[in-house]
Amino acid sequence: MLANQLAALTEPPGVAEALTVIDGFDDVIVAGLGRVNDATSTGLAGLAAAVADSPLGGPVRAAVEKVVRGGVDDDQVALLAGARTAVFGAVHDALLTSLDAALGRTRSEPAPAVVQEPGQDPAVEGARSWLRDVAIAGWRGVDEDLITAAGQPIESLYPVVARRRLAMVLAGLSEELGACVPIANLPQLPARRWTDLWTRAVLLSRMSTVDASAAPVTNGRLLPLGVDMHEHGTAVQLQLHGVLEDKGQTRLVRASVSAGKVETIAGPGVWPLLHRHPVLLRALAERRCLHLTDMPLLPEGDLLWADDRAAAGDPVDEFATARLALPTTVAPAVAPLNRHPATIGEVVLVEGYRCDGGALVLGGERLGLALDRLPAAGPLSPAHVAASSACLGLLRWNGGAWRLQPMAVQTTVKKKNVTVRTADWAMGPTDPKVAKATGDAVSVLSERAGRLLRR
Amino acid sequence: MSEDDWRSSSVVRVAPPIRPRKLAKVPFVELAERRLQGVVSSGSDIERVYVSSIASRTHEFSCSTNNNRPCGGAGGSLCNHLRLLVDEAVQQYGADRVARYLGVTLPDGSEDVLGALHPKPNPSPAAPVFSRFLHHLAHLEIADSTEPLPELHWFPAGGSS
């Protein structure tokens with residue numbers, strides 16, 4: 001990424017106005033749909049007006065009128081969540097279009113959304129009614145009893161793969177609400193964040209995830225670029241970004257693997273939880289490419305990882321891959337329902353900068369660093385980034401600004417040139433001090449539980 | 001981060017990241033059901049584990065084996081198991097969050113949650129805490145997914161320093 005590309009990354013027209021609509025609606029959910037007054041009904045009216053010219057226009061206007069009169073049911077909740085999603089979808093599209101233009105990146109065309117109704121399922125019903133109760137109470141009114149009530153639907157949803165996404169988002173949200181008890185005493189609430197999660201959950205409670213068994217397969221070579229890690233109390237996800245070469249064509253793809261987790265397992269202790277994907281983990285630790293055989297690939301660039309359909313190949317240098325492939329490789333389309341600025345994470349390579357701690361300075365332009373997204377599971381630290389000369393990372397948009405989340409850097413440690421990556425410890429920490437401190441959390445926990453069972 | 005950023009960011013760190021800790025002495029600790037509660041290994045007998053809890057606000061405490069045999073040390077004051085439980089909770093969640101949950105105010109800069117408690121004994125059954133521990137471990141048994149989970153972009157792993 002060059003200075004002139006960075007300079008071209010300005011806020012697209014309309015984004016500020018759309019975010020004002022979002023903030024107005026989020027204030028309604030802070031106060032609660034059970035307490036709509038003159039001030040908050042403006043927020044609802046603003047949302048209805050924003051989607052008035054779309055197919056959602058009529059139904060959303062009717063839902064708002066009903067809520068203002070004092071009636072809240074699941075269908076109105078879903079319409080409000082749908083309208084908010086549509087507004088954020090427009091913001092997402094504007095941001096991604098301007099990013100693609102700045103980077104000169106070509107993107108494939110999206111396929112239409114295919115959504116299946118979830119069918120009759122008491123656990124999904126339970127999730128919907130919890131989400132409705134939360135919206136009625138408002139974030140200010142959420143108390144410990146309401147947070148605890150999320151536990152039942154989460155427990156029933158978690159084991160079912162088609163409900164996993166809903167379970168994960170409910171678990172993350174309720175865990176975070178629990179960490180903020182008593183919420184009424186908080187001076188300021190993370191209103192956009194919580195309402196984002198609530199909105200995602202409402203939509204997920206209205207759909208089943210698409211059956212991916214019909215996805216086309218690929219037989220290409222996957223060249224890793226970098227690894228992004230996600231984690232809350234009960235889930236961890238590794239997302240590998242890479243370049244797929246297949247029949248002479250290259251495209252940007254991701255491979256995601258996730259596992260259930262407990263809060264007490266953190267830092268480098270999360271790698272063993274992903275043990276069911278040994279080929280992937282070893283290739284990441286040994287910095288190798290991967291040869292794929294009949295690996296399913298969704299149109300949005302997501303490989304449905306099957307470890308037995310992958311074999312590790314030769315060692316590869318991700319910076320060489322990025323220099324060669326990034327300028328011309330086609331980026332994947334975004335699935336219609338995933339269009340939200342928080343899901344944007346575009347791989348870029350930045351070189352020829354000076355780091356001033358919190359930002360990379362590139363020919364007079366500054367690119368802020370998302371150093372709070374460097375995972376404790378890996379060795380890549382803010383000090384490595386500060387001393388670096390090249391950085392491979394994800395461009396993220398959050399709180400009104402673009403920032404770079406580093407995934408790998410070429411840097412200097414004790415006067416030696418080295419490359420440090422987030423996933424270098426995928427087979428366990430290579431730093432003996434860290435390895436000793438990490439231990440084998442899973443077996444300690446099972447042994448202790450066994451003692452309790454016998455007594 | 002300003003209050004405005006806090007309100008208008010999709011991704012903000014609402015609670016400090018959980019800090020890794022050694023699990024052998026206190027395999028389980030949580031702030032739930034209006035209690036700081038957990039499972040503590042016996043200091044003298046590798047075979048034995050205790051279920052220990054301190055209630056939010058009232059600070060009523062309980063410490064017993066799984067079949068409700070009371071801990072000998074938890075008569076009128078906090079036993080070593082309960083002290084360890086508080087220490088490990090502070091390590092895992094940070095003193096502020098533990099203090100807030102238990103309803104105590106710490107002087108500026110203090111991490112002494114133990115010293116701020118007004119504990120009194122009130123034995124409570126061990127089984128519910130024990131079953132929460134097992135339930136918690138069941139998360140490790142859940143079948144993996146390789147379907148992408150886009151919602152987890154709201155939960156970046158962090159904490160590298």
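Reply: In this predicted model, five residues of domain 1 of chain A are in contact with five residues of domain 2 of chain A. On the side of domain 1 of chain A that touches domain 2 of chain A, three residues are nonpolar, one is polar and one is charged. The C-alpha centres of these two domains of chain A lie 30 Å apart. Along chain A, domain 1 covers residues 14-204 and domain 2 covers residues 215-325, while domain 3 of the chain covers residues 337-432.

Ten of its twelve residues are buried, so S4(A) is largely enclosed by the rest of the structure. A residue is called buried here if 20 or more other C-beta atoms lie within 10 Å of its own.

The pairing of S4(A) with other strands may be considered next. Strand S3 of chain A, residues 235-246, runs antiparallel to S4(A), and twelve bridges join the two. Within this pairing, A:Gly242 has A:Val253 in S4(A) as its bridge partner. The hairpin of S3(A) and S4(A) has two residues between the strands, and A:Lys247 takes a positive phi near 50 degrees in that hairpin.

S4(A) is also joined to strand S7 of chain A, residues 302-303, by two bridges, and these strands run parallel. Here A:Ala255 has A:Leu303 in S7(A) as its bridge partner. As a rule, side chains in a regular strand alternate between the two faces of the sheet.

Chain A also meets chain B. The contact takes 76 residues from chain A and 60 residues from chain B. On the side of chain B that touches chain A, the elements that give two or more residues are helix H1 (3-7), strand S2 (35-41), helix H3 (95-102) and helix H5 (127-138) of chain B. Of these, H5(B) gives the most, with five residues. By class, this side of chain B has 30 nonpolar, 17 polar and 13 charged residues.

Chain B itself has five helices and five strands. Read from the N terminus, its elements follow the order α-β-β-β-β-α-α-α-β-α. Its C-alpha atoms fill a box of roughly 50 × 45 × 25 Å along the principal axes. Of the 161 residues in chain B, 46% are buried. Among contacts in chain B between residues at least 6 apart in sequence, 51% join residues at least 24 apart.

Note on methods
Residues numbered from 1 in each chain as written. Chains lettered and ligands numbered in written order. Predicted model: local features only at pLDDT ≥ 70, side-chain atom pairs only at ≥ 80, totals over all residues. Contact = placed C-beta atoms within 7 Å. Helix = DSSP H or I, 4+ residues; strand = E, 2+ residues; numbered from the N terminus. Nonpolar A, V, L, I, M, F, W, Y, C, P; charged D, E, K, R; others polar. Domains from an automatic or database assignment. Pairing = 2+ DSSP bridges.
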